[in-house]
Amino acid sequence: MSSVQERLDALREQLRHHSYLYHVLDDPEIPDIEYDRLMRDLQHLEAEHPELITPDSPTQRVGEKPIEGFSTVTHRLPMLSLDNAFTEEELRDFDQRVRKRLELDDGDIAYAAEPKLDGAAISLMYVNGVLEVAATRGDGTTGEDVTHNARTIESIPLRIRGNDYPDVLEVRGEVFMPRAGFEAYNAAARETGEKTFVNPRNAAAGSLRQLDPKLTASRPLDIYVYSTGFVENGELPNTHSDVLMQLQEWGFKVCPERKRVSGVDGCLDFYRDIGDRRGALSYDIDGVVYKVDSLALQRDLGFVSRAPRWAIAHKFPAQEELTVVKAVEFQVGRTGALTPVARLEPVFVGGVTVSNATLHNIDELHRKDVRVGDTVVVRRAGDVIPEVASVITSKRPDGAKPVELPDRCPVCGSAVVREDGEAVARCTGGLFCEAQRTEALKHFVSRKAMDIEGLGAKLIEQLVAQEMLHTPAEIYSLDLEALSGLERMGEKSAANVIAAIDKSRETTLERFLFALGIREVGEATARSLANHFGTLEAIVEAPEEELQNVPDVGPIVAGRIRHFLDEPQNLEVIRGLRERGVAWPDREPQQAPADGPFSGKTVVVTGTLPDMTRNEAKALIMQLGGKVAGSVSGKTDYLVYGDKAGSKLSKAESLGVETLDAEQFAKIVSGS
């Protein structure tokens, strides 16, 4: 018996501890599913040993007292919690208990089914139709007065609509933060270095308990009401479903995803339907609530010590779980971005087994202070990639060290660079790095780059998957036999691709520079570099300071060019391309004139010009000192337009941008 008593004492102490963190401090360190497990363990143990149940056991009360700092409100009727069902069998047992207590042998019971919102419960007391007091649930008997904050939530009416409401009406609901608002709030908090919320539920609870209502008003809170409490001098409909309809008529926001269902099978159909659509909802839910719809039957069924006998919460698989971090690795994306990923002890969460979770970036990793060996809360909502939501530092093993950003790419060994003001660190081995290979090759062969017709995205992916293509240089070693052996690639199609590859060997320096895929070196910048230096060798040898003398190349772009060309693997690929016959005519450097007609001006070209292509027009503008942009804005100085100019011309005219037709442009560039 002593071992049973020790287990009971331990469970009760754990539950009290976590209840205090959740209800009093709004700072839980375990997910709901873990708390539910502890409670169920205690319930089962006490059921086996009822003589050991004590009045102060967590099974005999709802929660802990609210913290000091807010005035307290005593609920006229207790705000009780609900029992949980986790399986179909447990739901059927609930229905059987209801039917037995009501002595019903035939026919299905009508239930009101509605999503169980994952937010913060609130009581709204209206006297003569005007909101008088808003209070948190607290311990179910006593809550905290949050009227000053409730009044800032626009979906909470300050006055009830109509005039047929009771003299005193208590309305109960769930305050929540919609997913979009939650993500936007956390994104803004990360940018400013402020604390983020672990989940929307914590966000709602924390926002309600602000002393300054301006802070609450700044957060995107919403509410769905789900029942009434104390009522005086007034009548309500006879069913829960009709009560919600009446509340809606009185101006309260009611969850639209609710339904009156028949029997257990109706409940299960609703559960499956909402479960299928859970990820598409705009708010978080963690299950479904079923209530006997008849209020008269509810009164007959009554309550147990901590929950009504006429309602139950049917929980979904947990979206948060506890697990341990086995390692932290850095994945390299298609643009070279390094993303820290936690390798986890496998855990079932959100309906799937999760063994990896994103940490977003190095700043987020350091902010959460995730270390190898840590016990963490993993969150997975719908189809969202699992993430480490928080760390339970009290369980951190001795000697666990902070994780640092690697200085070399874990895939190709190239240098990792993180520029000032950027959250993302990147691998500089663009042409060489296997992780970036497919996207780099697609860009290299694209129309505005090397323009290799027939070598499209699908074929690139097939060649990479079969390990036939690793770098752009190897494109020029492909032969007819290798290509014609590919799926859906006949000899004639393969011959056409080989011909297109051979044709692309003769190119221009600006096309080649653009094809390399250096970050932020687009067509215009590549053309500026080619004009300014004349040769690739001059660009490769140019220091950052000289690169910044090129029009449209500032310190950031110059640094990116320099990092790319300082990487030996990238230079090796460039040499391989030259050795396989990729060539262009060198030319004399062309300095943009300081006093040209477009010097210091931003120009956009649109439509069809009669005597030149748009690319030729852009080249002329840059030779005459101008900068070419792709879209019209308030910073645009000129719009050059030809036939079929379209929306860019309309936008330029609306912004007051000076426009030049083809004839006017030709006169300027000819100097006449």
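**Aromatic contacts in the predicted model**

Phe598 and Tyr638 are both buried (under 20% relative accessible area, with exposed being over 50% and partly exposed in between; 1.4 Å probe, protein chains only). The structure is a predicted model, in which local features need pLDDT of at least 70, side-chain atom pairs count only at pLDDT 80 or more, and totals for chains, interfaces and linings use all residues. Residues are numbered from 1 along each chain as its sequence is written, and side-chain values use heavy atoms, with hydrogens and water left out.

Rings of Phe, Tyr and Trp (its six-membered ring) were paired if their centres lie within 6.5 Å, with planes under 30 degrees apart counted as stacked, over 60 as edge-to-face and the rest as tilted. By this rule there are 11 aromatic pairs. One of them, formed by Phe176 and Tyr224, is tilted, at 5.1 Å centre to centre and 35° between the planes. This pair links distant parts of the chain, 48 residues apart: Phe176 lies in strand 7 (residues 168–176) and Tyr224 in strand 8 (residues 222–232). Strands (E, at least two residues) and helices (H or I, at least four) are DSSP runs, numbered from the N terminus. Phe176 counts as buried because its relative accessibility is 4%, and Tyr224 because its value is 10%.

The pair of Phe598 and Tyr638 is edge-to-face, at 5.7 Å centre to centre and 80° between the planes. Ring pairs also link Phe176, Tyr224 and Tyr283 into a cluster.

The charged end of Arg76 sits over the ring of Phe230, 3.9 Å from its centre (CZ of Arg or NZ of Lys within 6 Å of the ring centre and within 35 degrees of the ring normal). The charged end of Arg578 sits over the ring of Trp584, 4.1 Å from its centre.
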